[in-house]
Amino acid sequence: MKISASFARLSACLSLALAASCLLASTGADAAVVTSQLSSVTGQEWDYVIVGAGLTGLVVGKRLADGGNAKVLVIEAGNDDRANPDVSDVGRYGSAFGTGMDWSFSTVQQGLSGNTKTLRAGKTIGGSTSINGAAWNRGHRSQYDNLATLVGDQGFNFQGLQAAMNKAESFVPPDSTQKNLGVTYDASAHGSSGPLQITYTKVNGGGSRRRSVSKRMYSGPQQAAFVSSIKSALGVDKVVDQCSGDNNGAAYAANSIQTNGQRSSAASSYLAQSGDNLTVLTGHRGASLAWADGSSSSSAKASGINVQQSQNGPIQRIQASREVILAAGAINTPAILERSGVGASDVVSRLGVRQVVDLPGVGRNLQEQTMNTLGAQANVNYAGGGPSNMIAMPNVYQLLANATAVRDYVNGNLDAWADSLVSQGHVASREGLLKQWQLSVSAIFDDRAPVCELFFDTGYPSNSYGIDTWCLLPFSRGSTHATSTDAFTDPTINPNYFAIPIDMDMQVAALRGGRRILQADPLRSLTYNGETTPGFGHIPDGTNHGLYRRWRDWVLGTDGTGGFSSVSHQIATCSMMPREQGGVVDPTFKVYGTDNVRVVDASALPVQVSAHLSSTLYGLAEKAAEAIQGGQA
Ligand SMILES: Cc1cc2nc3c(=O)[nH]c(=O)nc-3n(C[C@H](O)[C@H](O)[C@H](O)COP(=O)(O)OP(=O)(O)OC[C@H]3O[C@@H](n4cnc5c(N)ncnc54)[C@H](O)[C@@H]3O)c2cc1C
Ligand SMILES: *[C@@H]1O[C@H](CO)[C@@H](O)[C@H](O)[C@H]1NC(C)=O
Ligand SMILES: *[C@@H]1O[C@H](CO)[C@@H](O)[C@H](O)[C@H]1NC(C)=O
């Protein structure tokens, strides 16, 4: 903050006696402007217009605006809910779901489970970082190196992305009370001067004793018991830090929270620390790109964005003199491109819009994950308020005794599986898909990148210790497309869950592994009698820890139970890949065939990594900002 500007603001406040508004803007006169008034932004000249004030939009917005180089407008569909406790209090995880702060996308009916699923995404300033679970970790080193190969730019390897991810962080190391509970860390795996505070939940009695800090690390015996039991059941060791590139193990994870316990979102960090060359317009949707006169299909130039406040309201144009940057998330960004005439010709012509760039990868290659929760009823120890921070990331050899045979089985089926996804229309390029899979097979079987996540839960399912179980690296691919030029009609979404059979094999293997952990002491001795969800009555144990068919039916819910839920980690719908391999953006995040349109959000990440996504996406967005600034310097 600039002292002089603050003083100027203060004296303006006193003379105008606008006490209330001055208090709200107490970060100073040079703070970013947040407004819901379209009229206050239409009269101004903008260098960059960004669609979506979520994770990636706010990172790129701050980096472009600060330093006096450019005037940046970010358009956000949701409102400014930063003061809402359902946002600021990570302990209330889930209470924003289904409210106006959640897009609550619905998938099309899924073939195997026979029902639709809900995909969540934040519809508010900060995007999904304002409603997410705040778990903080990173993928395996080999996955970033493979990403560089896939993208065709070594800047995206582990070293390059580690530096970019660190740039986002102000990491606060564990204190002695947290270390005594088992927290360990690797300082080189964290940044110390970025906008985003990352730390560990306080321990009861340690640090702040204020009751308002509801997020306290569980200090009972259960998390340590999980560490011992996963070691004895599956041979999974504790790792020092899941952000270090070696994440194949169990660890007490950090959270995207501040030392005061409140959520660290892209809004509480990047936006709060931005200067007044950044403006966020809330409550408005970016509907489609406006094209400059004389745009050709080899170099289409955007002149701005068409925005709309309500479904039947007028469409108004906001000009961008340099670039339009899409950061609306993996579901809405491809839809905006398609409504603008950028996409597969059949999709675009069905919308009735003029094709501007023929780009069949738009909306395809969608990768989402599936979750089931195991539980064992217990006299749950609530010495702490959570969130749970014990995460285990086993590799394939720890889940499957026949992993080598499984590798042969996978390799022997890749061609046929690729044919099926191509014929279903979910991928644009067979060659690109095979390249993704071959690198994934190598990461899984050669580098032992974790295949599944086992997230240990205190008190979920209710009165239980639980294990949220999901596989991280699905082979299935789905797609999402706009079906209307109306920006208020959600696109169709088909994650195509379990289309490729190895995904179900992995999910079943992970659940059998979770069952074995709940059966192993010392964790078992903390429960009444081991697993109760789904329980041995529902899926009898046996030599293989339950019949495959019964686990599959429970995963799908076709046995009358609830079935899996979406993890809401949707990515890759505008993948950074070579154009002829189904890619949509180049390594500078620029959309092929355009002069000045970029996609910087989760859509651009072409494959999953073995981690919760946000740290990787903060790094990706930092790289996007560097690319944009490098390009126009
Ligand atoms: C329920 C949930 C739990 C999660 N848990 C974790 C976790 O524990 N740890 C972790 O690391 N990651 C987690 N994630 C993942 C992570 O938060 C997201 O992957 C990440 O925020 C995606 O970044 P993004 O910039 O692509 O999209 P977002 O952060 O979702 O931002 C997109 C923004 O664009 C806005 N927008 C969309 N369409 C338009 C439009 N037409 N016009 C204007 N604005 C628009 C949206 O409202 C939103 O604000 C979770 C995600 C969800 C949904
Ligand atoms: C905003 O941009 C102007 C030039 O357009 C510059 O002088 C000023 O320093 C910038 N402000 C910030 C906070 O970067
Ligand atoms: C590997 O083992 C699992 C579990 O026993 C079994 O279901 C699967 O068919 C085996 N796969 C191969 C390729 O042998």
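In this predicted model, the side chains of histidine 569 and glutamine 369 are joined by a polar contact of 2.9 Å. Let me stay with histidine 569 for a moment. You will find histidine 569 in the loop that runs between strand E27, residues 565-566, and strand E28, residues 597-599. Is histidine 569 buried or exposed? Its relative accessible area is 11%, and the cut-off for buried is under 20%, so histidine 569 counts as buried. Leaving out residues up to four places away in sequence, histidine 569 touches Gln367, Glu368, Gln369, Gln608, His612 and Leu613.

One of those contacts, His612, is the next stop. The UniProt annotation "active site", from an unreviewed entry, covers His569 and His612. They are spread over 44 residues of sequence, yet they cluster in space, with a largest C-alpha distance of 7.9 Å. Histidine 612 sits in the loop between E28 and helix H18, residues 614-632. Histidine 612 is also buried, at 13% relative accessibility. Again not counting residues up to four places away in sequence, its contacts include Glu453, Phe455, Trp470 and His569.

Now to ligand 3. Which residues are around ligand 3? They are Asn402, Ala405, Val406, Tyr409, Arg512 and Asn544. Taken alone, ligand 3 exposes 360 Å², and the protein buries 52% of that. Helix H14, residues 403-423, gives the most to this shell, with three residues. By type, the shell divides into three nonpolar residues, two polar and one charged. For asparagine 402, an N or O atom of the side chain is 2.4 Å from an oxygen atom of ligand 3.

How values were computed:
Residues numbered from 1 in each chain as written. Chains lettered and ligands numbered in written order. Predicted model: local features only at pLDDT ≥ 70, side-chain atom pairs only at ≥ 80, totals over all residues. Heavy atoms only, no water. UniProt positions renumbered as here; feature names shortened; annotations may be inferred. Helix = DSSP H or I, 4+ residues; strand = E, 2+ residues; numbered from the N terminus. Buried < 20%, exposed > 50% of the residue type's maximum accessible area, 1.4 Å probe, protein only. Contact = heavy atoms within 4.5 Å. Polar contact = N/O pair within 3.5 Å; in protein donor to acceptor, adjacent residues only side chain to side chain. Near = heavy atom within 4 Å. Areas by Shrake-Rupley, 256 points an atom, 1.4 Å probe, with all protein chains shown as cover. Nonpolar A, V, L, I, M, F, W, Y, C, P; charged D, E, K, R; others polar.
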